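Visitor: I would like to learn how to read a model of this kind, one feature at a time.

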Amino acid sequence: MSCSGPRGFQVHTASAGLGDDDRADFTVIASEVPAVSCAVFTQSRFAGPSVVLSREAAAAGRARAAVVLARNANVATGKEGADHAAEVHQSVAEALGVDTDEVLIASTGVIGVKYPMPGVRAALRELRLPFAGFDFSDAAGAIMTTDTRPKVVQLTCGAATVTGIAKGVGMLEPNMATMLAFFCTDAQLGQDDLDRIFRAVVARTFNAVSIDTDTSTSDTAAVFANGLAGPVDLTEFEQVLEQAALHLVKEIASDGEGASKLIEVRVSGARDDAQAKRVGKTVVNSPLVKTAVHGSDPNWGRVAMAIGKCEDDLDIDPERTRISFGGLEVYPSEPDDAALAALVDHLGGAEVVIEIDLGIADGTFTVYGCDLTEGYVRLNSAYTT
């Protein structure tokens with residue numbers, strides 16, 4: 001399915017030999033006109049050179065393009081790896097005829113391996129405007145690593161269009177965004193408004209997903225707005241952007257490495273939203289909860305166990321806490337045989353909802369993850385071989 005995206009944005013994909021096949025793994029998305037932008041990045045202390053370069057470029061808030069190299073993170077590759085990333089960054093800016101602070105660079109894939117520069121340089125030599133295409137679905141496919149499917153979404157906001165793509169299925173416990181995610185819009189916004197809105201949306205969506213508790217060295221999320229569709233209502237734009245981001249978050253969680261089920265943990269009644277998020281992440285990241293969901297095992301004791309790991313939250317009281325699955329309360333009211341059968345049926349579905357009410361105050365947060373399967377172990381035990 002094609003996705004032409006907002007007006008004024010062009011898409012280029014190519015094979016740069018980053019993998020061992022010929023599929024597209026080199027992507028450039030660029031606005032034909034100047035734009036405003038916002039980007040957020042991994043908090044990892046081992047962030048790759050692409051993140052370092054993009055942090056510097058993003059500071060000006062006027063990025064209009066992104067180059068993505070997939071299946072090679074170019075992290076922990078020393079000065080040579082940093083020089084290679086800088087060469088790619090500079091070359092793309094020159095090909096587009098813009099300054100380097102108008103271009104973000106992102107890499108994703110195997111850590112500890114340098115770019116295969118002959119193939120990358122060949123791809124760079126072919127890069128020139130105008131690009132041959134406008135299809136964001138092509139870009140979504142070209143940025144994948146172990147993803148099983150492209151992740152793309154497109155919504156409207158008044159006369160404007162919002163298009164987003166993302167990749168990521170493992171090593172996901174973001175402190176900012178998620179793996180790689182890029183949004184383009186022809187809405188007209190001030191940079192300050194875009195920055196405020198995007199950071200708020202990221203906090204409620206991409207920061208709410210977790211696959212395996214491991215934080216990537218390369219996480220990047222960015223939004224570009226070129227204004228060609230004119231002004232939009234800011235409240236409506238934030239709602240639309242959040243809807244698009246949440247769609248991608250659920251796609252990411254349900255496509256987790258080896259995953260067979262999406263897990264949604266809704267926490268309410270917390271002291272504040274931060275506590276609700278902390279409890280939700282503890283539950284969704286529990287290997288015992290994940291495996292119980294995978295096996296459709298109605299073991300709510302594992303959820304209680306996971307909540308109990310929040311040992312510094314002294315106001316969490318089992319006597320006030322309520323646990324439900326798909327709206328069916330399992331603690332403190334134990335289900336009868338009929339309810340137990342309904343619970344097993346819910347756990348057997350593609351999406352499992354766990355609800356936790358802490359009974360303290362009105363803090364809420366929802367997090368997203370997936371089950372833990374034999375497929376995750378198989379994939380990650382032989383990732384580089």
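**Strands, loops and a helix**

Guide: Strand 8 (residues 180–188) is mostly covered, since eight of its nine residues are buried. Buried means under 20% relative accessible area, exposed means over 50%, and partly exposed lies in between (1.4 Å probe, protein chains only). Strands (E, at least two residues) and helices (H or I, at least four) are DSSP runs, numbered from the N terminus. This is a predicted model, in which local features need pLDDT of at least 70 and side-chain atom pairs count only at pLDDT 80 or more, while totals for chains, interfaces and linings use all residues. Residues are numbered from 1 along each chain as its sequence is written, and side-chain values use heavy atoms, with hydrogens and water left out.

Visitor: In which sense does strand 8 pair with strand 9, parallel or antiparallel?

Guide: Two strands pair if DSSP finds at least two bridges between them. Strand 8 and strand 9 (residues 220–231) pair in the parallel sense, over eight bridges. Strand 7 (residues 160–167) runs antiparallel to strand 8, and six bridges join them.

Visitor: Is G164 buried or exposed?

Guide: G164, which lies in strand 7, has a relative accessible area of 0% and is therefore buried. A contact means heavy atoms within 4.5 Å. Leaving aside neighbours within four places in sequence, G164 is in contact with K151, V152, V153, F182, F183 and L248.

Visitor: Where is E32 placed, and which residues does E32 touch?

Guide: E32 sits in the loop between strand 2 (26–31) and strand 3 (36–41). Its relative accessible area is 43%, so E32 counts as partly exposed. Not counting residues up to four places away in sequence, E32 touches G8, Q10, R64 and F134. Its C-alpha atom is 8.7 Å from that of P130, 98 residues apart along the chain.

Visitor: Which peptide bonds are cis?

Guide: Most residues other than glycine have a negative phi, and most peptide bonds are trans. Here the bond from L129 to P130 is cis, with omega near -5°; P130 lies in the loop between helix 3 (117–125) and helix 4 (136–142). The bond from Y331 to P332 is also cis, with omega near 10°, and P332 is in the loop between strand 12 (328–331) and helix 10 (337–347).

Visitor: What is phi of N74, and what is phi of A76?

Guide: Phi is near 50° for N74, a positive value in a residue other than glycine. For A76, phi is near 60°, again positive in a residue other than glycine. N74 is in the loop between strand 4 (65–72) and helix 2 (78–96), and A76 lies in the loop between strand 4 and helix 2. N74 counts as buried because its relative accessibility is 0%.

Visitor: What span should helix 7 have?

Guide: The expected span is 1.5 Å times one less than the number of residues. Helix 7 (residues 273–284) has 12 residues and should span 16 Å; its end C-alpha atoms are 16 Å apart, so the two agree. Its buried residues, among them V279 and V283, pack against strand 10 (262–270), helix 8 (287–294), helix 9 (301–308), strand 13 (351–357) and strand 14 (363–370).
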